Amino acid sequence: MSWMVKFQKYFFLSVAFLLGSIIPLYGNVFNFLLLILVIFMLWKRKSKVWESLLAERLYIGVNVVFLLYFIVHTVAVLLKGNPIAEPSYGTFEALILNFVLIPMWVATWREWITPGLIKKFLLYFCSGCLLLNIYILFLVVGNKLFTSPGEALEYLYNNRFGENRYVLGSKYWLEVQAMLLAVSALVVYFLLIIEKAWKKRGLLLCMFGVLVVFLSFTVTKSAILGFLLGFIVMNFYLFRKLSFKRQFLFVGGALVFVLSLTLLMDLNKYEERIHEVGIEVQNVREGKFVGGTVAPRLAFIKESFRHWDEFALWGLGVTTKHRIKAWYEASDLNIAVFNNVNNTFLQYWITAGLVGLAVMIFLFFAPLYRMIKRKRFSFLILSVLLVFLVVSNSCVTLSWANSRALMLIFLAMFYFYGDMFSQLENDIPQEEKPSI
């Protein structure tokens, strides 16, 4: 094994840990490090890198076409003169350093990636997420966790884990934190099911419990809904593959876990949120888009489609940011303080027209298409995709630097190496048949 391949493996596992911890805080720094790495790889192992890129040229090509379309669109807007709003060019950096560069890097793993390495990647990612949230826990409540645990838990639920806050000098959005916790909890649960060593299962069970409790602190509807849907889908498949003895142990353990979790959770806070949603839905039915978090999101969509003729086919391109802000400031739906549509699919539709919407649909559903085509399914992939889909319909996850890299790496992994995820699920330990 060459030193370059060894370096790539070490970098691969390091990125896994950082994806759950530091990269969501400093995503742009990672993008430039990745750019340097890919250029270095092209220099040292040009033939192998090109071979890997050509093997996944369709997926990478879609992202390149997206970039080229945006360039042509920008040139057309500028040549036309008098743009509809002030241009903002930050999208180019995102398209080059994320949508194009990340799939290229993920494709270069082909030479050395194995199911075992993917398993380690998933564990390192979850470990990073867990450690960062333990740090946030003490950042939010301090030593109250030991001196007044009941008061600390109440504070965590009432303040939704501190909501949007600065962590290690960078803004950490609650929606991104909740999404990472939901994905990490599902991944740890998956690792718990396929793990053969009982001691490691105990550690994974503890990690799963802590991650679910942390997720409950956020009281974030989209991430929690995504987690629950993913959890149901995963269990539907995995539970059927277990022996009767392991099914019995699984059900018993699940009941104990749920009962223990209800003792820690502030159920009153969730009742408040459910009541709040009910009021919002009623307000929307009466034409009042006020209060809470659901009503504003519906108002964003309604206001955006009032300007359907501006973006439906070609998109607004570099004028998107300021044009959306102008819509909201002139709206009668009380959304003047907001500046994006809080929906990934609609955001890229407005930005790049039908091309942008088509690329978003491709990125999210291409892994599913490849699984169906090859008839090799991974229910971990399906579960995580559900989290991504649900959360992406309530915030602009692929527009934020602190979640874009994470999602694009996972989406590319699911498409390129879905067979290896499927192979991991085939390693679920079965009950040994008695010898005659």
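Two residues are in contact here when heavy atoms of theirs lie within 4.5 Å of each other. Helices (H or I, at least four residues) and strands (E, at least two) are DSSP runs, numbered from the N terminus. The model is a predicted one, in which local features need pLDDT of at least 70 and side-chain atom pairs count only at pLDDT 80 or more, while totals for chains, interfaces and linings use all residues. Residues are numbered from 1 along each chain as its sequence is written, and side-chain values use heavy atoms, with hydrogens and water left out.

Met-41, Leu-42 and Lys-44 of H2 touch Lys-46, Val-49 and Trp-50 of H3. Sorted by type, the residues of this contact come out as four nonpolar, no polar and two charged. For that sorting, Ala, Val, Leu, Ile, Met, Phe, Trp, Tyr, Cys and Pro are nonpolar, Asp, Glu, Lys and Arg are charged, and the others, Gly among them, are polar. H2 (residues 27-44) and H3 (residues 46-55) pack at about 115°, and their axes are 5 Å apart. The axes are lines fitted to C-alpha atoms, for helices over the stretch in contact, and the angle runs from 0 to 180 degrees between N-to-C directions.

Next comes Leu-137, which sits in helix H6 (residues 115-141). With a relative accessible area of 7%, Leu-137 is buried (buried means under 20%, exposed over 50%, and partly exposed in between, with a 1.4 Å probe and protein chains only). Setting aside residues up to four places away in sequence, Leu-137 touches Gly-142, Leu-145, Leu-156, Phe-161, Phe-214 and Phe-217. Phe-217 is 80 residues away from Leu-137 along the sequence, yet their C-alpha atoms are 9.8 Å apart.

Arg-370, in helix H17, is another buried residue, at 15% relative accessibility. Its side chain makes a polar contact of 3.3 Å with that of Glu-56. Such a contact is a pair of N or O atoms within 3.5 Å; within protein, one must be able to donate a hydrogen and the other to accept it, and residues adjacent in sequence count only if both atoms are side-chain atoms. A polar atom of the Arg-370 side chain also lies 3.0 Å from the backbone oxygen of Tyr-415.

Two loop residues have a positive phi without being glycine. Arg-160, between helix H8 (149-158) and strand E1 (165-167), has a phi near 50° and is buried at 13%. Lys-375, between helix H17 (344-374) and helix H18 (379-392), has a phi of about 55° and is exposed at 71%.

Finally, there is open space to look at. The largest pocket has a volume of about 1,300 Å³. Of the 49 residues that line this pocket, Asn-339, Asn-340, Asn-342, Val-396 and Trp-400 are the closest to its centre. The lining divides into 20 nonpolar, 20 polar and nine charged residues. On a 1 Å grid over the protein atoms alone, a pocket is an open set of points where a 1.4 Å probe fits, with protein on both sides within 12 Å along at least five of seven lines, and lining residues have an atom within 4 Å of a point. Grid points are joined across faces, edges and corners, and the volume is the space filled by probe spheres set on the points.
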